[in-house]
Amino acid sequence: MHKVHQKTHTILLSVSMAIGFMIQCSAAQAADLKTAVVAGGCFWCVEADFEKVPGVISVESGYAGGSTKNPTYKQVTSGGTGHYEAVRIRYDADKVSYATLLNKFLRSVDPTDAGGQFCDRGESYRTAVFAANSSEKKTAQAEIAKAQSDLGKKVVTPVLNASKFYKAEAYHQDYYKSSKVVVTRFGPKKKSEAYKRYRDACGRDQRVKQLWGSAAAFLK
């Protein structure tokens, strides 16, 4: 009897787990999951900002817009590959819209700067929106027009056709919250602390606040 009871319990447990898995799959399928790719200078900073947005599922740092296959960080930042430091944002379109993401993006960077972002200069640090289709392109152009109107200044952030996105090296992912210790110009620091020092020293938040004022996204 004990063996029969144990076997029945195992079967019921397996059925329960299978049902739970099916429910999770159905929920995932029901959600309208989409991706957005933008470049806003240092991808650590853009990743850190957008992981705070309700409806965003995940953010990955990487490279977009270039011609070199499987580019490395060193290649991209040295120039010549055509890539931007970019992020791929996976989001639930039922909870946050593409337009809202772009609105926040443009107000978290300096879209008037064609030479890079803040202390980071060069082609890999320029801003851009990578549109995957005509609908995204139209939305991006509309959001850029709004940003330009709000600023009263020329916005130079281009809308580019989406190309292959290459995920950056593992050590770049979630850099802003990593507890791993690295050697910096400030001495050995946890990545999270090194990130905060870099962001402050680079003047990112200071410039965004100066440019956008109370409309600046992500600033406290």
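Two rings of Phe, Tyr or Trp (for Trp, its six-membered ring) make a pair if their centres lie within 6.5 Å. By that rule, this predicted model holds seven aromatic pairs. The close-ups below visit some of them, then move on to the sheet.

**View A. Trp-44 and Tyr-175 form a stacked pair.** The ring centres are 3.8 Å from each other, with 5 degrees between the planes. Planes under 30 degrees apart count as stacked, which is why the pair gets that label. Trp-44 belongs to helix 2 (residues 43-50), while Tyr-175 sits in the loop between strand 8 (166-167) and strand 9 (181-184). The two residues are 131 apart in sequence, so their pairing ties together separate parts of the chain. Are they buried or exposed? Trp-44 is buried, at 14% relative accessibility, and Tyr-175 is buried too, at 9%.

**View B. Phe-50 meets Phe-218 edge-to-face.** Here the ring centres are 5.2 Å apart, and the planes make an angle of 70 degrees, so the pair counts as edge-to-face. This is another link between distant parts of the chain: Phe-50 is in helix 2, and Phe-218 is in the segment after helix 7 (204-212), 168 residues apart. Phe-218 comes out as partly exposed, at 21%, because the buried class takes values under 20%.

**View C. Two lysines lie over ring faces.** Stay with Phe-218 for a moment: Lys-104 lies over the face of that ring, 6.0 Å from its centre. Elsewhere, Lys-164 lies over the face of Tyr-166, and there the distance to the ring centre is 5.3 Å.

**View D. Three aromatic residues gather in one cluster.** The members are Phe-43, Tyr-63 and Tyr-73.

**View F. Strand 1 runs antiparallel to strand 6.** Zoom in on strand 1 (residues 33-40) and strand 6 (residues 127-131), and you'll find four bridges joining them. Which residue of strand 6 is the bridge partner of Val-37? That partner is Phe-130.

Notes
Residues numbered from 1 in each chain as written. Predicted model: local features only at pLDDT ≥ 70, side-chain atom pairs only at ≥ 80, totals over all residues. Heavy atoms only, no water. Phe/Tyr/Trp six-rings, centres within 6.5 Å; stacked < 30°, edge-to-face > 60°. Buried < 20%, exposed > 50% of the residue type's maximum accessible area, 1.4 Å probe, protein only. Lys NZ or Arg CZ within 6 Å of the ring centre and 35° of its normal. Pairing = 2+ DSSP bridges.
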